[in-house]
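Student: Hi! Could you walk me through the side-chain contacts and the strands in this one?

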Amino acid sequence: MVLMLPTYTVRESLKAKHVSLKVSVAGSLEVVVPQGYDQTAIPAILQRKQRWINRVTQQVETRQALVGAEPADQLPGQLCLRAIEQDWQIAYCPTPLPGLRAVEQADLKLTLFGQTTDQNACTATLRQWVIAQAHKHLLPWLRTVSQEVELPFETASVRVQKTRWGSCSSRKTISLNCKLLFLPSELVRYVFIHELCHTVHLNHSAAFWSLVAHYEPAYQKLDAGLRDARYHVPLWMEA
């Protein structure tokens, strides 16, 4: 029996020492190879890893169903910001004017006016709106938690990050992922505490975790919850 190989993309990495497979939250398969790797060897690797690929892809589809993920090729009809308990309904209003603009209306309704037939432009506009909401809500929230636990930081910013929920530099500058807005509030607060503790210990030493436990005794459960937290983020935000 001939096995049908899955569709995949290849990415060369200077850091890669061997071939690795990654399945995204959208279910797409990426093959990461060292620079100069003979890519004709990839199909044989995928055949050997076929069971693993099928299992992980099924897990992704199951998790997407559990969180109500909308297909990546469809414009969203709602936008659930779990962190701040807001569920926005999205409407699209085509107009002859060039460009797109997002207008907030009463009862948590967000309307996009303009060239709404351009799906890429619509999702880009929605992403910019989410970033603005993150500045509006996450940064003041972080300052409140900082004052509560008496762990000050210098500055904070909002970024669109693929793999990190937050980070802290040696200068006590904290960066927050705008996608935190899609996570449950208890996970967001834990990320804040985690990064604030890095202002004291810029590592993951025993002393660091002891400090985290002091401010959040349930940190292990919350840290485990972050492992699957990316499935709360809508697929159009990952583009």
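This is a predicted model: local features need pLDDT of at least 70, side-chain atom pairs count only at pLDDT 80 or more; totals for chains, interfaces and linings use all residues.

Tutor: Happy to; we'll take salt bridges, then aromatic rings, then a sheet.

Student: Okay, how many salt bridges does the count come to?

Tutor: The count comes to three. One of them is between the side chains of R11 and E30, with N to O at 3.0 Å. R11 sits in strand β1 (residues 8-13) and E30 in strand β3 (residues 29-34), so this pair links distant parts of the chain, 19 residues apart.

Student: Is R11 buried, exposed or partly exposed? And what about E30?

Tutor: R11 has 34% relative accessibility, so R11 counts as partly exposed. E30 is at 23%, and E30 also counts as partly exposed.

Student: Which residue does E148 meet in a salt bridge?

Tutor: That would be R189, at 2.3 Å from N to O. The pair links distant parts of the chain, with E148 in helix α3 (residues 119-149) and R189 in helix α4 (residues 185-197), 41 residues apart.

Student: What else does R189 form a salt bridge with?

Tutor: R189 forms a salt bridge with E216 too, where the closest N and O atoms are 3.9 Å apart.

Student: Are R189 and E216 buried or partly exposed?

Tutor: R189 is partly exposed, with a relative accessible area of 22%. E216 is buried, with 15%; the cut-off for buried is under 20%.

Student: Switching to rings. How many aromatic pairs does the structure hold?

Tutor: It holds five. Among them is F182 with W236: the ring centres are 6.4 Å apart and the planes are at 85 degrees, so the pair is edge-to-face. F182 lies in the loop between β10 (173-177) and α4, while W236 is in the segment after α6, so the pair ties together parts 54 residues apart in sequence.

Student: Are F182 and W236 buried or exposed?

Tutor: F182 counts as buried at 2% relative accessibility. W236 is buried as well, with a relative accessible area of 5%.

Student: And why is the pair of W209 and Y219 called stacked?

Tutor: Because the planes of W209 and Y219 are at 20 degrees, with the ring centres 5.3 Å apart. This pair also links distant parts of the chain: W209 is in helix α5 and Y219 in helix α6, 10 residues apart. W209 is partly exposed at 22% relative accessible area, while Y219 counts as buried at 16%.

Student: Which cluster do ring pairs make with W209 and Y219?

Tutor: Ring pairs link F208, W209 and Y219 into a cluster.

Student: Last topic, then. What is the strand order in the open sheet of three strands?

Tutor: The order is β1-β3-β2, and the pairing is mixed. The edge strands are β1 and β2 (20-23), each pairing on one side only. The twist averages 25 degrees from one strand to the next.

Student: How many bridges join β1 to β3?

Tutor: Six bridges join β1 to β3, and these two run parallel. As an example, V10 has V31 in β3 as its bridge partner.

Definitions and conventions
Residues are numbered from 1 along each chain as its sequence is written. Side-chain values use heavy atoms; hydrogens and water are left out. A salt bridge is a side-chain nitrogen of Lys or Arg within 4 Å of a carboxyl oxygen of Asp or Glu. Helices (H or I, at least four residues) and strands (E, at least two) are DSSP runs, numbered from the N terminus. Buried means under 20% relative accessible area, exposed over 50%, partly exposed in between (1.4 Å probe, protein chains only). Rings of Phe, Tyr and Trp (its six-membered ring) pair if their centres lie within 6.5 Å; planes under 30 degrees apart count as stacked, over 60 as edge-to-face and the rest as tilted. Two strands pair if DSSP finds at least two bridges between them. Axes are lines fitted to C-alpha atoms, for helices over the stretch in contact, and angles run from 0 to 180 degrees between N-to-C directions.
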